[in-house]
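Me: Please take a close look at how charged side chains pair in this model. I would also like to know what can be said of the parts around those pairs.

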Amino acid sequence: MDKSKIGQFLKFLRMRKGKKQFQVAMDLFDYGIEVSDKTIAKWEKGNFPDMDKLNIIAEYYGVQVSDILNGEIYTPQNFEEKYFIVNSKWFERFSADELYKTRIEQERTIKARVKELLLELIDKKSLTVMQNDELNFLFDNFYSISDYAKQSYGELENYANNQTKLLRHVVYREILSMHGSSLDEIYWEVKKLFDYDKRIEFERDLCGFEENIPMTEKLLQELEDWEKDLLLAQIQTHNITDFYDKLTYLKKYGIDYDEERITKEGIKLLIKSGAKLNSSLLGFEVYRYEPISILDEMEKLHYLLDAKILLSSYNSEKNRLEFYWAENSTKNRLIDLYYFLNCTRKDCKKLSLDELYEIFIKNEKIPENILIERYQEYMKPNMSRKEQLLLAERIGVGDIKSWQKCKDAEKKVAAQRRELQRLEQLWNAGEQLEELEYTEWIGEKKNVLTENDILSRMSIMSYAEYKASRNSDLTAKLLEEIDTLSLEEIRKKYFPVEKRYEEL
């Protein structure tokens with residue numbers, strides 16, 4: 001109960017009635033309440049009236065007792081109209097050009113209002129009925145309880161069928177448990193308890209920023225500091241990509257698509273908007289030691305390298321796939337790629353397995369002439385060689401991935417053969433055991449820093465730890481050097497993958 005707000009509300013009701021304090025005192029005498037104008041003044045300064053007088057005061061001012069206790073006249077609001085993206089068909093009301101801007105503005109409004117209501121709740125320990133209704137609506141439609149909250153509270157099964165009630169429960173618990181802490185500290189802990197279902201997506205909110213720099217800059221500036229730092233930290237493993245494919249980019253801007261340049265410009269924009277380097281948010285690898293049997297490892301590698309591989313061929317007479325075992329050789333491992341390149345396009349030049357093998361051995365990437373040849377029917381007569389290649393790359397994503405998959409497989413086989421030779425040398429020298437050293441990326445995806453990785457790390461950080469780990473000096477240094485360093489050099493120097501040692 002906010003007595004100060006109640007006092008202000010009582011003053012508002014008096015002024016709306018056009019009365020002086022002494023006139024209200026005289027009027028209330030007719031209602032059976034004997035008070036002076038000084039008492040009226042005390043009420044309006046936050047000295048709450050006796051509860052037994054509330055019904056009469058409410059009747060005098062023409063409001064409900066609940067209105068006085070809440071410090072406002074309750075007026076039902078149409079939240080579905082105010083936050084219209086709650087309707088899955090909201091986009092039908094806008095043109096294609098308006099969709100991105102409209103969605104961003106709605107999400108910004110939602111997040112800002114939730115923060116405003118939570119800060120009010122933290123500061124006053126209560127909300128009015130209308131504020132409660134609004135927060136419940138926002139929680140119910142746009143937020144879900146976080147994994148951190150689920151792990152932190154044990155009685156959550158009592159709220160299995162009511163996510164909003166559960167979320168309000170854990171938020172109140174957190175606020176009460178942090179009594180005496182600063183507003184910023186409490187809010188830092190409270191926001192860990194819930195996730196925005198349409199949270200910041202790195203590829204979405206920075207993609208295509210060159211298309212509309214002012215709007216992207218405004219969006220970034222209005223994010224909270226931790227959200228900006230989160231986006232910047234993801235540069236450790238992500239490039240900033242554009243909305244457009246390479247061919248469209250060339251036609252739109254008249255320059256080659258350069259993902260490194262775009263990413264560096266995006267870093268500048270993030271820093272300009274207030275993002276800071278924060279080492280505690282970066283992904284890391286755990287460096288581990290494990291004793292192994294050299295003989296067991298040799299047997300395992302021999303099996304992987306020498307075991308026959310299962311292949312298939314289509315029998316047109318019997319109209320079915322037939323399987324057979326073949327020697328585990330590079331040429332045989334290319335069988336799937338051979339069929340893929342020859343069968344998915346009927347009108348392209350066919351390659352024999354021997355021809356494909358020779359081409360594959362000599363080229364790291366799929367040759368341009370093969371890629372263009374496969375999609376010749378889509379080429380326009382006036383297209384330049386560069387435009388033909390960009391179009392072929394856009395259509396032939398599957399070809400490029402299949403080629404790269406085979407290349408990666410051969411590199412893995414080569415590494416296994418080298419490892420087998422090394423182990424054989426150790427075995428011949430009389431060694432039987434070896435301490436295996438390997439690194440393991442900690443996170444959702446191998447060698448990829450995801451938003452959830454960062455959020456899980458932030459969930460165990462205090463507000464003071466987060467603030468202390470924001471490095472303004474290093475951020476300024478990055479901005480100074482960004483144009484003189486390659487993206488690879490930037491990552492090594494400013495977004496390093498730390499190795500943490502753990503012995504098994």
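Reply: Arginine 113 and glutamate 134 are both buried, where buried stands for under 20% relative accessible area, exposed for over 50% and partly exposed for what lies in between, with a 1.4 Å probe and protein chains only. The model is predicted, so local features need pLDDT of at least 70 and side-chain atom pairs count only at pLDDT 80 or more, whereas totals for chains, interfaces and linings use all residues. Residues are numbered from 1 along each chain as its sequence is written, and side-chain values use heavy atoms, with hydrogens and water left out.

The side chains of arginine 113 and glutamate 134 form a salt bridge, with 2.9 Å from N to O; the term denotes a side-chain nitrogen of Lys or Arg within 4 Å of a carboxyl oxygen of Asp or Glu. Because arginine 113 belongs to helix H7 (residues 96-124) and glutamate 134 to helix H8 (residues 129-142), the pair ties together parts that are 21 residues apart in sequence. Helices (H or I, at least four residues) and strands (E, at least two) are DSSP runs, numbered from the N terminus. As a general point, side chains of opposite charge can pair when their charged atoms come close.

A second pair joins a strand to a helix. Glutamate 434 and arginine 422 meet through their side chains in a salt bridge of 2.6 Å, N to O. Glutamate 434 is in strand S7 (residues 433-441) and arginine 422 in helix H23 (residues 397-428), so that distant parts of the chain, 12 residues apart, are linked. Glutamate 434 counts as buried at 18% relative accessibility, whereas arginine 422 is partly exposed, its relative accessible area being 31%.

Glutamate 481 has 16% relative accessibility and counts as buried; lysine 493, with a relative accessible area of 46%, is partly exposed.

H26 and H27 pack at an angle of about 165°, and their axes are 12 Å apart. Such axes are lines fitted to C-alpha atoms, for helices over the stretch in contact, and the angles run from 0 to 180 degrees between N-to-C directions. H26 and H27 are therefore roughly antiparallel to each other, a label for angles over 145 degrees, with under 35 being roughly parallel, 65 to 115 roughly perpendicular and the rest oblique. Another helix pair, H14 (residues 225-233) and H16 (residues 259-272), crosses at roughly 160°, and the axes come within 10 Å. H14 and H16 are therefore roughly antiparallel to each other as well.

Away from the charged pairs, Leu310, Tyr314, Leu321, Phe323 and Trp325 make a nonpolar surface patch of about 630 Å². Patches are made of residues with over 30% relative accessible area and no salt bridge, joined within 9 Å for like charges and within 5 Å for nonpolar side chains (Val, Leu, Ile, Met, Phe, Trp, Tyr). The areas come from the Shrake-Rupley method with a 1.4 Å probe, and for residues only the protein chains shown count as cover. Strands S5 and S6 each supply at least two residues of the nonpolar patch, and the largest share, 3 residues, comes from S6. Leucine 310 lies in S5 and counts as partly exposed at 48% relative accessibility.

The loop between strand S5 (309-315) and strand S6 (320-326) holds asparagine 319. Asparagine 319 has a positive phi of about 55°, although it is not a glycine, and is exposed with a relative accessible area of 57%. Asparagine 447, likewise not a glycine, has a positive phi of about 60°. Asparagine 447 is placed in the loop between S7 and helix H24 (451-458), and with a relative accessible area of 42% asparagine 447 is partly exposed.
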